[in-house]
Amino acid sequence: MTHRIRVVYCTQCAWMLRAAWVAQELLTTFQDELMGGGATLEPGTGGIFEVYADDELVWSRKTDGGFPDIVALKRRVRDRIAPGRALGHADRAAAASAPSAPE
């Protein structure tokens, strides 16, 4: 199945470079899943910064409270387009920061 990423960014805030970097990171990590679909940048206004995977919102600056940590964003995208896929260092970082179970 072909998947697509769309990054909507605010032109008034000059966030194009940030959006391009996010798209580059996602294209590098999910190159097999995005083959034939790819990633697009979509200009917007009003402070918008949103990331969509297959038209499903996976990050919003407004509702998620800022810009995404790239590792957290990769996990959200993975959960949408490649559930069960290991992300290597990103998964290890999440496991290390998770609270341990009470004894």
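This is a predicted model: local features need pLDDT of at least 70, side-chain atom pairs count only at pLDDT 80 or more; totals for chains, interfaces and linings use all residues.
Two strands count as paired here if DSSP finds at least two bridges between them, and strands (E, at least two residues) and helices (H or I, at least four) are DSSP runs numbered from the N terminus.

Residues are numbered from 1 along each chain as its sequence is written, and side-chain values use heavy atoms, with hydrogens and water left out.

Now zoom out. The protein has 5 helices and 4 strands, and from the N terminus on they run β-α-α-β-β-β-α-α-α. The 4 strands form an open sheet of mixed pairing, in the order S2-S1-S3-S4. At the edges are strand S2 (39-44) and strand S4 (56-60), each pairing on one side only. Ignoring direction, neighbouring strands in this sheet are turned by 20° against each other on average. Strands of a sheet pair through backbone hydrogen bonds, either parallel or antiparallel.

Next, the helices on the sheet. Helix H1 (residues 16-29) lies across strand S1 (5-10), S2 and S3, and runs at about 165° to S1. Helix H4 (residues 70-81) also packs on the sheet, touching S1, S3 and S4, with its direction at about 170° to that of S4. Those angles run from 0 to 180 degrees between N-to-C directions, using axes fitted to C-alpha atoms, for helices over the stretch in contact.

What about the inside? The largest nonpolar core has 22 residues, and Ile5, Val7, Leu26, Phe49, Val51, Leu73 and Val77 touch the most other members. Such a core is a set of buried Ala, Val, Leu, Ile, Met, Phe, Trp, Tyr and Cys residues joined through side-chain atoms within 4.5 Å. S1, H1, S3, S4 and H4 each give two or more residues to this core. Take Val51: leaving aside neighbours within four places in sequence, its contacts (heavy atoms within 4.5 Å) include Ile5, Val7, Val22, Leu26, Leu57, Trp59 and Leu73.

Over the whole protein, 37% of the 103 residues count as buried; that means under 20% relative accessible area with a 1.4 Å probe and protein chains only, with exposed being over 50% and partly exposed in between. Among contacts between residues at least 6 apart in sequence, 64% join residues at least 24 apart.

Beyond neighbours within four places in sequence, Gly38 is in contact with His3, Arg4, Ile5 and Leu27.

Finally, the cysteines. Cys10 is buried, at 0% relative accessible area, whereas Cys13 is partly exposed at 33%.
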